[in-house]
Amino acid sequence: QVQLVESGGGLVQAGGSLRLSCAASGRTFSNYAMGWFRQAPGKDREFVAAISRTDSTDYADSVKGRFTISRGNAKNTVYLEMKALKPEETAVYYCALDVSAAWRTVIVSTEYDYWGQGTQVTVSS
């Protein structure tokens, strides 16, 4: 019903910045709760950032002050602006969409209904 496609990943030096994009297609209703997760080698998939249907936001403690989640002018697009990237943040980054969320941010991966294929972010030392 919904397809999510991430883009914007790549290779960046430590301290650099990237902006990831997530575009939804198919059932492209606007202002769904959405989130970003990442999975690094040897680690579980972890929460990074979320935006609610009412556009409140939430972040993992490790990225607060450096990452920003936002909606594009077209509400079927969500961005993750990442600054001051660290080598330990090398991971595959995934976006996700929750159809049923009401007003709160969603930080638990199992609550999301749709997932993108992921985009690789590599931060070199």
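A polar contact is taken here as a pair of N or O atoms within 3.5 Å, where within protein one atom must be able to donate a hydrogen and the other to accept it, and where residues adjacent in sequence count only if both atoms are side-chain atoms. The model is predicted, so that local features need pLDDT of at least 70 and side-chain atom pairs count only at pLDDT 80 or more, while totals for chains, interfaces and linings use all residues. Residues are numbered from 1 along each chain as its sequence is written, and side-chain values use heavy atoms, with hydrogens and water left out.

View 1. Strands (E, at least two residues) are DSSP runs, numbered from the N terminus. The side chain of Ser-52 makes a polar contact of 2.7 Å with the side chain of Ser-56, and another of 3.0 Å joins the side chains of Ser-52 and Thr-54. Ser-52 has a relative accessible area of 0% and is buried, a term that means under 20% relative accessible area with a 1.4 Å probe and protein chains only. Apart from neighbours within four places in sequence, Ser-52 is in contact (heavy atoms within 4.5 Å) with Tyr-32, Ala-33, Arg-71, Trp-103, Arg-104 and Thr-105.

**View 2. The disulfide of Cys-22 and Cys-95.** The structure holds one disulfide, defined as a pair of cysteine sulfur atoms within 2.5 Å, and the sulfur atoms of Cys-22 and Cys-95 are 2.0 Å apart. Because the torsion about the S-S bond is about 55 degrees, this disulfide is right-handed. Cys-22 lies in strand 3 and Cys-95 in strand 9 (residues 91-98), so the pair ties together parts that are 73 residues apart in sequence. Both cysteines are buried.

**View 3. An open sheet of four strands in the order 1-3-8-7, with antiparallel pairing.** Two strands pair if DSSP finds at least two bridges between them. Strand 1 (2-7) and strand 7 (67-71) stand at the edges with a single partner strand each, so one side of each is left without a neighbour in the sheet. Strand 1 and strand 3 (residues 18-26) pair in the antiparallel sense over six bridges, and the bridge partner of Ser-7 in strand 3 is Ser-21.

**View 4. Gly-72 in the loop between strand 7 and strand 8 (77-82).** Gly-72 counts as buried, at 6% relative accessibility. Leaving aside neighbours within four places in sequence, Gly-72 is in contact with Thr-77 and Tyr-79.

Notes
Buried < 20%, exposed > 50% of the residue type's maximum accessible area, 1.4 Å probe, protein only.
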